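This report describes one protein chain for a reader who is new to structures. Please look at the model below before reading on.

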Amino acid sequence: MSRKFLVALGSAALALSLAACSGGGAGSGGDTGDKKPGDLTIGVSMPTQTSERWIADGNAVKSKLEAKGYKVDLQYAGDDIPTQSQQVDQMITQGADVLVIAAIDGTALSSQLQAAAAAKIPVISYDRLIRGSKDVDFYVSFDNYKVGVAQGTALLVGLGLLNKDGSKGTAKGPFNVELFAGSLDDNNTQYFFGGAMDTLKPFVDAGTLKVKSKQTTPEQVATLRWQQETAQKRMENLLTSSYNDGSKVDGVLSPYDGISRGIITALQNAGYGSGAKKLPVVTGQDAEIASIKLINDGVQNSTVFKDTRLLADQAVNAAEAFLQKKEPQANDTKTYNNGVKVVPAYLLPIATVYKDDIKATLIDSGYWTAEEVAAGQAKK
């Protein structure tokens, strides 16, 4: 599966060239250049509080903006599209000067963005690209294709087909693997799955990896709203339908830690992890504390760490630039085509975390403490 696959799904894959400016979006920020921070309000719309990641994102953006003196209207939409639409509408009517939006559905906010553009309110798309609208001014995220590559690579490393340095491992296979993807209404899902499948495809083609269920398309493997319970039920169904002949699952490609925990629960309920029936290699993303404990305990294989503290910093930098009548700094002006325009973006690096990376990557950086890792729970 190549990057062309992403285009076919309506994603933003490698547009040849477009300008770095915000083009047809809101962009002007109204008359904010001469105002003091205390006179300016940033509306921050986050998708859900069911994931600790989004709670941390919202709090980080809010606290960093407030530390600079800005007013912040932070709203969580409870994974409900109409609620998010109403909240963004309200932010606009109440006079927000900039909007920072992590969309539930990347195509569901066009009318709100049109209203923001009419009011000259810049829109920053936060981690999930808003699609189908010219009224998106900037995008802050991670290199999401590389996230998928990292997840595919981690699966291969866990199976012993590769070493962590990328060299060939000693395992021969064949291995039975199953594939999970995120929610199809999230633009990032296509990048994660495309990057992972590009990485795994040579091993599938060679017969080293076998998808026993034959469920390999994004539509077949997607997990609506990234829900843990949905992933658990699908894994249970896979075990019943494709592994009732005594065969075993050796690895599962999972794009997110919550999905990973649902998968692991289904596997444990089916007897994996006890006796000779060892748990499959299960990947993940977001370094959620419950999954970090599972990795530390040898249950989950790995996760991809995206330092959301840095993402919040970039969102704040972009908001300040717009408020000061400047263009935010972009380091990618070609990749993220939302179907109407290429949105200038600032992309941050990612890191794969295995058990022996937890201390250096997460604890020493202050992201989690050793006590939180041991407990599998964040301190309040």
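## A pair of opposite residues

G251 stands opposite V281, a residue of strand 9. Strands here are DSSP runs of E with at least two residues, helices are runs of H or I with at least four residues, and both are numbered from the N terminus. Strand 8 covers residues 251-253 and pairs with strand 9 in the parallel sense over two bridges. Two strands are said to pair if DSSP finds at least two bridges between them.

## About the model

The model is predicted: local features need pLDDT of at least 70 and side-chain atom pairs count only at pLDDT 80 or more, while totals for chains, interfaces and linings use all residues. Residues are numbered from 1 along each chain as its sequence is written, and side-chain values use heavy atoms, with hydrogens and water left out.

## The chain as a whole

The chain has 13 helices and twelve strands. Its radius of gyration is 21 Å, close to the 21 Å that the globule rule gives for 380 residues, so the chain is as compact as a globular protein of that length. This radius is taken over C-alpha atoms, and the globule rule is 2.2 Å times the number of residues to the power 0.38. Along the principal axes, the C-alpha atoms fill a box of roughly 70 × 45 × 40 Å.

Of the 380 residues in the chain, 55% are buried. Buried means under 20% relative accessible area, exposed means over 50%, and partly exposed lies in between (1.4 Å probe, protein chains only). The accessible surface comes to about 15,200 Å², and carbon and sulfur atoms hold 50% of this surface. Such areas come from the Shrake-Rupley method with a 1.4 Å probe; for residues, only the protein chains shown count as cover.

Among contacts between residues at least 6 apart in sequence, 73% join residues at least 24 apart. A contact means heavy atoms within 4.5 Å. The chain carries 39 positive and 41 negative side chains, and the centres of the two sets lie 4 Å apart. Lys and Arg count as positive and Asp and Glu as negative, whereas His and the chain ends are not counted. Each charge is placed at NZ of Lys, CZ of Arg, CG of Asp or CD of Glu.

Strand 3 (residues 98-101) runs parallel to strand 4, and three bridges join them. V100 has I124 in strand 4 as its bridge partner. Strand 4 (residues 123-126) is covered on both faces: V123 and S125 are buried on one side, and I124 and Y126 are buried on the other. Strand 4 also pairs with strand 5 in the parallel sense, over three bridges, and Y126 stands opposite V140 in strand 5.

Is strand 5 enclosed or open? Five of the five residues of strand 5 (residues 138-142) are buried, so this strand is largely enclosed by the rest of the structure. F138, V140 and F142 lie on one side of strand 5, and Y139 and S141 lie on the other. Strand 5 is joined to strand 11 by four bridges, and these two strands run parallel. The bridge partner of F142 in strand 11 is L348.

## A residue in helix 5

V149 sits in helix 5 (residues 144-159). V149 counts as partly exposed, at 26% relative accessibility. Leaving aside residues up to four places away in sequence, V149 touches G195, A196 and T199.

Most residues other than glycine have a negative phi, and most peptide bonds are trans. A cis peptide bond joins G173 and P174, with omega about 0 degrees. P174 lies in the loop between helix 5 and strand 6 (175-179).

R225 is not a glycine, but has a positive phi of about 60 degrees. R225 is found in the loop between helix 7 (218-221) and helix 8 (228-242), and is partly exposed, with a relative accessible area of 21%. K325 also has a positive phi, near 65 degrees. The loop that holds K325 is between helix 11 (308-323) and strand 11 (345-348), and K325 is partly exposed at 48% relative accessibility.
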